[in-house]
Structures are given as structure tokens and as C-alpha cells.
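Student: I would like to go through the aromatic side chains of this model and then the chain as a whole. Please give the cut-offs as we go.

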Amino acid sequence: MTPVILLAAEKESAEVTDWAARVGWVVGLALFVALVYWLMREGWKWRGTLQGDLPELPARPSPATTLNGGGKPPLPGMPDDPGPAKLSLSGRYHGSTTAGQWLDRIVAHGLGTRSRVELTLTDAGLDVVRPGATDFFVPVEALREARLDKGIAGKVLTEGGLLVVTWAHGDRLIDSGFRSDHAAEHNEWVDVINSMIKATTTEGAER
């Protein structure tokens, strides 16, 4: 066999070997990604099971789910008439954690799902409307603090780029993180919420 023929044969063999290795690498990577996804999903479910003692969240029912529509009544803590809006914003909900522990994510009742959000603050409390995710309501009596922060539930933003609201639910204190489409609004939200908390605390002490 001539050297030219031998060289061609070796080249063809090398190309076949490289292709097989490439296919094996792609299949291996796909299996690895699938395994990581499965482990994350199981971890999420396990965390939700551990948080099964968290009470159901008060939420405003839509007209289609009211009693007249065959649905359920509002949950305890949800007022029939929350009153006029003090503040409102559009932005993103970045998750909730155990208060003071920015990596201890809470996933029960949909609190772990990041989403768009419409926030409305009234004298009754904080109404959290999330398209494609579970809405919830924080009664004013449950509000504990509002502050600016830079991270929650593993999500890190710029310094002061996150509005974090601390609230009580059941026997837990929860931090929920929001970012307005206009971050300059955050300071006003912190001031107004903390003023409401102070006023509520004062009224409670006088009774």
C-alpha cells in the first residue's frame, strides 16, 4: 500500500474517532445537566415539604373565584375593602427567605417563584399581585420592617437595588424582596412602610 493511501486511511479513521468522541461528550453533558436539574427539582420539593407548616397565604380572590362565582371566600386577614392606594409600583419579585437569612429561601405556597409583580400599599397592608404566580397579601399588622438591600434568595443586585419587606406569617418572620422598574421609588416605599409600622405599633400600645 502506497504512503498516500495509508495517509488517507489514517485521516479517515481519525475523523471517525473524533466524531464518536464528540457524540459521547455531548451525550455525557446532556445526562449531567439532566441530573443536576433533577437534583435541583427534588431539593426544591424537599424544601417545600419541610416548610409545610407555613399557613396558607391571605390573598384577594378574583371576581371569577368569589362565592358568587362558585369559589372560596377571602382568607383570614384579607380585607373586603383595602382603601385607596398610598403607593403602587411595577417591577419584579425576587423571592422570600427566613428573615435575616438571605440564602434560606422559602418555596412553600409559591413564595419561591420569581415573577413580575404589581405592589399596592394601602392602610390595610401590602397587596402583592404576581402574573403567572400566586398572589398574596400582607396585613398591616404583620408588617415588621422595610429596608434597602442588595441580595435575597441567592439573587444579588447593586447596593440598595432591592426593596426588602419583613413580615410575620404564622410563627415565622419572612423577608420578601422586590425591585421596582424605577429603583428611585424604593426610598419612598421604605419611609412610608416604616411610618405605617410605627403608627400601628403606637396604636397597639395605647389600647
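Student: Which residues do ring pairs link into a cluster?

Tutor: This is a predicted model, where local features need pLDDT of at least 70, side-chain atom pairs count only at pLDDT 80 or more, and totals for chains, interfaces and linings use all residues. Residues are numbered from 1 along each chain as its sequence is written, and side-chain values use heavy atoms, with hydrogens and water left out. Rings of Phe, Tyr and Trp (its six-membered ring) pair if their centres lie within 6.5 Å; planes under 30 degrees apart count as stacked, over 60 as edge-to-face and the rest as tilted. The cluster joined by such pairs consists of Tyr 93, Phe 136, Trp 167 and Phe 178.

Student: How many aromatic pairs does a search of the whole structure find, and why is the pair of Tyr 93 and Phe 136 classed as it is?

Tutor: The search returns 3 aromatic pairs. For Tyr 93 and Phe 136 the ring centres are 6.2 Å apart and the planes stand at 70 degrees, so this pair is edge-to-face.

Student: Which strands does that pair link?

Tutor: Helices (H or I, at least four residues) and strands (E, at least two) are DSSP runs, numbered from the N terminus. The two residues are 43 residues apart and the pair links distant parts of the chain. Tyr 93 lies in strand S1 (residues 87-98) and Phe 136 in strand S4 (residues 136-139).

Student: Is Phe 136 buried or exposed?

Tutor: Buried means under 20% relative accessible area, exposed over 50%, and partly exposed in between (1.4 Å probe, protein chains only). Tyr 93 has a relative accessible area of 0% and is buried. Phe 136, at 1%, is buried.

Student: What kind of aromatic pair do Phe 136 and Trp 167 form?

Tutor: Phe 136 in strand S4 and Trp 167 in strand S8 (residues 162-169) are 31 residues apart. Trp 167 counts as buried at 2% relative accessibility. The centres are 5.6 Å apart with 15 degrees between the planes, and the pair is stacked.

Student: Which residue has its charged end over the ring of Tyr 93?

Tutor: A charge sits over a ring if NZ of Lys or CZ of Arg is within 6 Å of the ring centre and within 35 degrees of the ring normal. Here the distance to the centre is 4.5 Å, and the residue is Arg 130.

Student: What pattern does the chain follow along the sequence?

Tutor: The chain has 2 helices and 9 strands. Read along the sequence, they give α-β-β-β-β-β-β-β-β-β-α.
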